[in-house]
Amino acid sequence: AYNSPQVLLRSGIGGRDQLRPHGIDVRLELSEVGRHLTDHPLTVLVVEGDGSAVPGSVRVGPTVKLRSRPDLPADDMKITLFPNGELLNLPGLVGIHLEVDETYSEGNVELASRNPDDAPRIESRLLSDQRDADRMMFAVGHALDLLAAMPGDMATKLLLPDAATVADSEQLHDHVMRFFSTGYHPSGTCRIGHVVDQRCRLIGAEGLWIADASVMP
């Protein structure tokens, strides 16, 4: 029955300001449902190198964990190398993935309509917190330093961003703030202590649990 577009939600669980505009009565008001969406922003440097791809394979090379500040208690970033030809399976291209693991930016997941078949409206807001943007720029600078330190007999022509962009700090910043993606690790929209209790039981209800990454942290 729920596959039919004629079926509409009549009551729901969540914030009143999210449900009522769609004509949905509030069965259980939990204002934090759909809030505090967090994910890992990432960007990639594309380098031309020697080598060939293995058709149909995707290999992930070494990953280096690092700290954006030396006083941090744990690593908050990582750099991962996708070897020659493993970036989009295109021979000769190397991908250096830069990811912020400890993020401050938060987004939302909201209803698009009262039709349960409609996809939700997702606003990730990656890098919206200046602390995350600063760390991403630190990672890009660190990766560029690594490329510059490679031996001369290793082909490391930077393709994306290009040399002109790298040479201008403002252009480089604009490039990174435009061309980034997600590590596809969404979490936080039904946090423990706000939407579920310490045993992942939905607060205010009986017989309902949430057992996915939305309960973190």
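How many helices and strands does the secondary structure of the protein come to? Four helices and 10 strands. Helices here are DSSP runs of H or I of at least four residues, strands are E runs of at least two, and both are numbered from the N terminus.

Some ground rules. This is a predicted model, so to speak of local features we need pLDDT of at least 70, side-chain atom pairs count only at pLDDT 80 or more, and totals for chains, interfaces and linings use all residues. Residues are numbered from 1 along each chain as its sequence is written, and side-chain values use heavy atoms, with hydrogens and water left out.

The overall picture. From the N terminus, the elements run β-α-β-β-β-β-β-β-β-α-β-α-α-β. The protein has 217 residues, and 40% of them count as buried. Buried means under 20% relative accessible area, exposed means over 50%, and partly exposed is in between, with a 1.4 Å probe and protein chains only. Take the contacts between residues at least 6 apart in sequence: 60% join residues at least 24 apart. Contact means heavy atoms within 4.5 Å.

Now helix α2. It covers residues 130-148, 19 residues in all. From first C-alpha to last it reaches 27 Å, close to the 27 Å expected at 1.5 Å a residue. That expected span is 1.5 Å times one less than the number of residues. At the N-terminal end, aspartate 129 is the cap. One of its side-chain oxygens lies 2.9 Å from the backbone nitrogen of arginine 131.

Which residues of α2 are buried? Asp132, Ala133, Arg135, Met136, Met137, Ala139, Val140, Ala143, Leu144 and Leu147. Their cover includes β3, β5, β6, β9, α3 and α4.

Aspartate 134 is also in α2. Its relative accessible area is 44%, so it is partly exposed. Its side chain makes a polar contact of 2.8 Å with the side chain of glutamine 130. A polar contact is a pair of N or O atoms within 3.5 Å; within protein, one must be able to donate a hydrogen and the other to accept it, and residues adjacent in sequence count only if both atoms are side-chain atoms. Along the chain, aspartate 134 and histidine 173 are 39 residues apart, yet their C-alpha atoms are separated by 9.6 Å.

Two packed helices are described by the angle between their axes and the distance between the axes. For α2 and α4, the angle is about 115° and the axes are 11 Å apart. That makes α2 roughly perpendicular to α4, a label used for 65 to 115 degrees; under 35 is roughly parallel, over 145 roughly antiparallel, and the rest oblique. The axes are lines fitted to C-alpha atoms, for helices over the stretch in contact, with angles running from 0 to 180 degrees between N-to-C directions. On the α2 side sit Ala133, Met136, Met137, Val140 and Leu144; they meet Leu172, His173, Val176 and Met177 in α4.

Next, two buried polar residues. Serine 68 is in the loop between β4 and β5. Its relative accessible area is 16%, so it is buried. Its side chain joins that of aspartate 76 in a polar contact of 2.6 Å. Beyond its neighbours within four places in sequence, serine 68 contacts Asp76, Met77, Arg135 and Phe138.

Glutamate 99 is in strand β6. Is glutamate 99 buried or exposed? Buried, at 8% relative accessible area. Its side chain makes a polar contact of 2.7 Å with the side chain of lysine 78. Leaving out neighbours within four places, its contacts include Met77, Lys78 and His185.

Last, some backbone details. The peptide bond from leucine 160 to proline 161 is cis, with omega near -5°. Proline 161 is in the loop between β9 and α3. Two residues other than glycine have positive phi: histidine 36, near 65°, and tyrosine 184, near 55°. Histidine 36 lies in the loop between β2 and β3 and is buried at 17%. Tyrosine 184 lies in the segment after β10 and is exposed at 64%.

That's my tour.
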